[in-house]
Amino acid sequence: MQKILAYPLTAVYFLFFGLALLLFHPIQWVCFNYIGYNAHKASVSILNLCLLRCTHFLGTTYKFKNPYQLPTDRPLIIVSNHQSMNDIPPIIWFMRKYHPKFVSKIELGKGIPSVSYNLRHGGSVLIDRKDSKQALVQIAKLGKYIEQHNRSAVIFPEGTRSRTGHPKKFQPTGLKILMKNAPAALIVPLSINNSWKMLRYGKFPYGLGNHLTFDVQQPIENDGDFDRIFALVQERVKNGIHPPQ
């Protein structure tokens with residue numbers, strides 16, 4: 001019964017989701033080209049709040065927990081598990097004061113209103129997963145960017161999303177390059193739960209009535225011991241992931 005109900009509600013969700021992307025594309029363009037970074041960043045934050053609100057048609061609720069006083073005067077490297085594209089809007093909105101930028105696959109850099117424009121112009125980087133040299137150069141570029149501007153980089157070291165909620169093995173290379181190029185950055189583990197359930201039936205229809213949680217774990221200082229930091233960040237992220245039900 002729930003899956004049957006999910007079809008019309010998902011259609012309504014996609015309608016408002018698409019309208020938000022179309023509406024904010026020209027707003028972003030005007031902000032970026034005529035007002036400046038802060039206006040563009042604000043437009044992206046509000047867009048992602050709207051995208052988050054669109055999921056309420058599906059009965060989706062959110063809880064973002066951050067018990068730590070994260071600094072705004074130094075760069076952050078946010079390291080998170082990845083369960084679906086629905087991870088992105090809450091991170092952008094709830095962590096907006098830290099100016100989150102993403103390591104994203106190059107395919108998303110064109111063809112999607114608002115999203116592709118922001119990825120190309122908002123400070124994020126696009127990597128070609130078939131070209132390791134290009135990917136490493138772009139990740140290094142992001143590290144230098146956040147180091148210079150005291151912003152944050154978001155990286156999903158699993159590489160691809162978990163379709164079942166079970167975390168995949170973390171890959172160290174991207175985090176290592178970010179830390180090398182942003183040595184002042186504070187490492188911030190983030191655990192995401194239940195985002196995968198929104199795609200439990202595939203891309204259509206979406207799952208209904210899911211409660212997504214985002215838990216910031218204890219931050220880690222970069223003392224230069226990458227192996228220790230990598231093991232610790234992986235442990236903290238995974239310890240915050242609930243067993244799939």
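**Figure 1. Helix 2 of the predicted model, residues 37-54, and its length**. At 1.5 Å a residue, the 18 residues of helix 2 should span 26 Å, and the distance of 26 Å between the end C-alpha atoms agrees with that expectation. The buried residues of this helix are Ala39, His40, Lys41, Ser43, Val44, Ser45, Leu47, Asn48, Leu49, Leu51, Leu52 and Cys54. Packed against these buried residues of helix 2 are helix 1 (2-35), strand 1, helix 3 and helix 4. An α-helix has 3.6 residues a turn, so residues three or four places apart point the same way.

**Figure 2. Helix 5, residues 132-149, and the elements that cover it**. Helix 5 has 18 residues and reaches 26 Å from its first C-alpha to its last, close to the 26 Å expected at 1.5 Å a residue. Ala135, Gln138, Ile139, Ala140, Leu142, Gly143, Tyr145 and Ile146 are buried in this helix. The cover over the buried residues of helix 5 includes helix 2, strand 2 and strand 3, together with strand 4 (125-127), strand 5 (152-155) and helix 6 (173-181). Asparagine 150, which follows helix 5, has a positive phi, near 55°.

**Figure 3. The cis peptide bond between phenylalanine 204 and proline 205**. Omega is about 0° for the bond that joins phenylalanine 204 to proline 205. Proline 205 lies in the loop that runs between strand 6 (186-193) and strand 7 (211-216).

**Figure 4. Glutamine 69 in the loop between strand 1 and strand 2**. The loop that holds glutamine 69 lies between strand 1 (61-65) and strand 2 (76-80), and the residue is exposed, with a relative accessible area of 79%. Glutamine 69 and tyrosine 34 are 35 residues apart in sequence, while their C-alpha atoms are 34 Å apart in space.

**Figure 5. The whole chain, as a setting for the close-up views.** The chain contains 7 helices and 7 strands, which follow one another along the sequence in the pattern α-α-β-β-α-β-α-β-α-β-α-β-β-α. Its radius of gyration is 18 Å, close to the 18 Å that the globule rule gives for 245 residues, so the chain is as compact as a globular protein of that length. The C-alpha trace spans about 55 × 45 × 40 Å along its principal axes. Of the 245 residues, 53% count as buried, and among contacts between residues at least 6 apart in sequence, 74% join residues at least 24 apart. The accessible surface of the chain comes to about 12000 Å², with 58% of this area belonging to carbon and sulfur atoms. The chain carries 30 positive and 13 negative side chains, and the centres of these two sets lie 9 Å apart.

Methods:
Residues are numbered from 1 along each chain as its sequence is written. This is a predicted model: local features need pLDDT of at least 70, side-chain atom pairs count only at pLDDT 80 or more; totals for chains, interfaces and linings use all residues. Side-chain values use heavy atoms; hydrogens and water are left out. Helices (H or I, at least four residues) and strands (E, at least two) are DSSP runs, numbered from the N terminus. The radius of gyration is taken over C-alpha atoms; the globule rule is 2.2 Å times the number of residues to the power 0.38. Buried means under 20% relative accessible area, exposed over 50%, partly exposed in between (1.4 Å probe, protein chains only). Contact means heavy atoms within 4.5 Å. Accessible areas come from the Shrake-Rupley method with a 1.4 Å probe; for residues, only the protein chains shown count as cover. Lys and Arg count as positive and Asp and Glu as negative; His and the chain ends are not counted. The place of a charge is taken as NZ of Lys, CZ of Arg, CG of Asp or CD of Glu. The expected span of a helix is 1.5 Å times one less than its number of residues.
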